[in-house]
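Hello,

Here is the structure I promised to pass on to you.

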Amino acid sequence: SAVAVATAMSPLSLATQTAGSTIRPASWCGVFGMKPSFGLIPRTGVLKTTDTLDNIGFYGRDINDLRLSLDSLRVHGSNFPIMQRKLKENSSIKKSWKVGLVKSHLSEHAPDYVHRDIQKFASKLNMISCIELEELNLPEETHKAHELHSRVYDPCLSYYFKRELESAPEKISNIFLEQVEKGKQNSPEDYKFALNEQSAMAKKMESFFRENEIDFLFHYSSNGSAPIIEPKVNQDLNLLWTLSWMPVINIPQFFCPKGLPYGLQLIGPRYSDYRMFEFLKQLEKLDLVPKLAKLSPE
């Protein structure tokens, strides 16, 4: 899907994300991508892997494409009063913004050029009078995000793919089979505990935004440009945002020393999707983020 947009085969395309499967391809292909707030887009008719993690996302050439996609796909109307109210409460345009630059326990997994590019971007933000930037450490509870994601995700695979696992196991990858076996070792009671811990993680991140009085967070979308082969486990923060049901947008901002793209990620509290668009449009006017996706630095 990301390649289709990057190569101009399609102006828009759909994606899904259960950990980072929308944002990482957007980062590696140099296009705009979005995973909206959990629940905003119905999943009816979509292959299910995990009830509390599966999201519909999309790719586009610019911010307007993302907004058009969200407007077209999300739930509307009086049947969804909570979401309608939450979106309205979090959509007002602000004259000044406070944003956080994330530090995490996973920072060591990103190459040096990523940290240099992020700091250059932060220096530019610091020169803008309407933006207050603060470097923030994520709560210690987020350090268990990968373990928690596995406890929620792996048991669901054996449940939702039972027919495929029984009828054609030879057609299923070893990595997938390993996750299924790992999930079978988790008891139903632990799965329930994991769901409760996921809800607690989401509330903790909501409190993190509120206590620090920040509108958004910035972080890199992937640990640099595309690897030759994707690792079994990506040591980045994408699955934390997914666990916490938050909206995220990949901005095709950077290029590695070899000229390959990788992205800057904007993260907002749940239901701040439209406010994110307004913020990015302001950054676009200030020439801080690109107006259009491009495949090379030239």
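This is a predicted model: local features need pLDDT of at least 70, side-chain atom pairs count only at pLDDT 80 or more; totals for chains, interfaces and linings use all residues.

The protein chain holds eleven helices and eight strands. Its radius of gyration is 19 Å, close to the 19 Å that the globule rule gives for 298 residues, so the chain is as compact as a globular protein of that length. The C-alpha trace spans about 60 × 45 × 35 Å along its principal axes. Of the 298 residues, 54% are buried. Among contacts with a separation of 6 or more, 78% are between residues 24 or more positions apart. The accessible surface of the chain is about 14,800 Å², and carbon and sulfur atoms contribute 53% of that.

Now to the sheet. Eight strands make an open, mixed sheet, in the order S1-S3-S2-S7-S8-S6-S4-S5. Strand S1 (12–17) and strand S5 (131–137) are at the edges with a single partner strand each, so one side of each has no neighbour in the sheet. From one strand to the next, the twist averages 30°. Helix H5 (residues 112–126) packs on this sheet and touches strand S4 (97–103), S5, strand S6 (216–220), S7 and strand S8 (261–267). The direction of H5 makes about 145° with that of S6.

S1 runs antiparallel to strand S3 (residues 55–60), and six bridges join the two. Within this pair, Thr16 stands opposite Ile56, and Gln17 stands opposite Asn55. In general, side chains in a regular strand alternate between the two faces of the sheet.

What about S3, where are its residues buried? On both faces: Asn55, Gly57 and Tyr59 are buried on one side, and Ile56, Phe58 and Gly60 on the other. Six of the six residues of S3 are buried, so the strand is largely enclosed by the rest of the structure.

Finally, the cores. Which residues have the most contacts inside the largest nonpolar core? They are Phe218, Ile251, Phe279 and Leu283, in a core of 45 residues. If neighbours within four places in sequence are left aside, Phe279 is in contact with Trp97, Val99, Ile131, Phe216, Phe218 and Leu266. Another core, of 34 residues, lies apart from the largest one. Val102, Cys156, Leu157 and Leu240 are among its members.

Best wishes

Methods:
Residues are numbered from 1 along each chain as its sequence is written. Side-chain values use heavy atoms; hydrogens and water are left out. Two strands pair if DSSP finds at least two bridges between them. Helices (H or I, at least four residues) and strands (E, at least two) are DSSP runs, numbered from the N terminus. Axes are lines fitted to C-alpha atoms, for helices over the stretch in contact, and angles run from 0 to 180 degrees between N-to-C directions. Contact means heavy atoms within 4.5 Å. The radius of gyration is taken over C-alpha atoms; the globule rule is 2.2 Å times the number of residues to the power 0.38. Buried means under 20% relative accessible area, exposed over 50%, partly exposed in between (1.4 Å probe, protein chains only). Accessible areas come from the Shrake-Rupley method with a 1.4 Å probe; for residues, only the protein chains shown count as cover. A nonpolar core is a set of buried Ala, Val, Leu, Ile, Met, Phe, Trp, Tyr and Cys residues joined through side-chain atoms within 4.5 Å.
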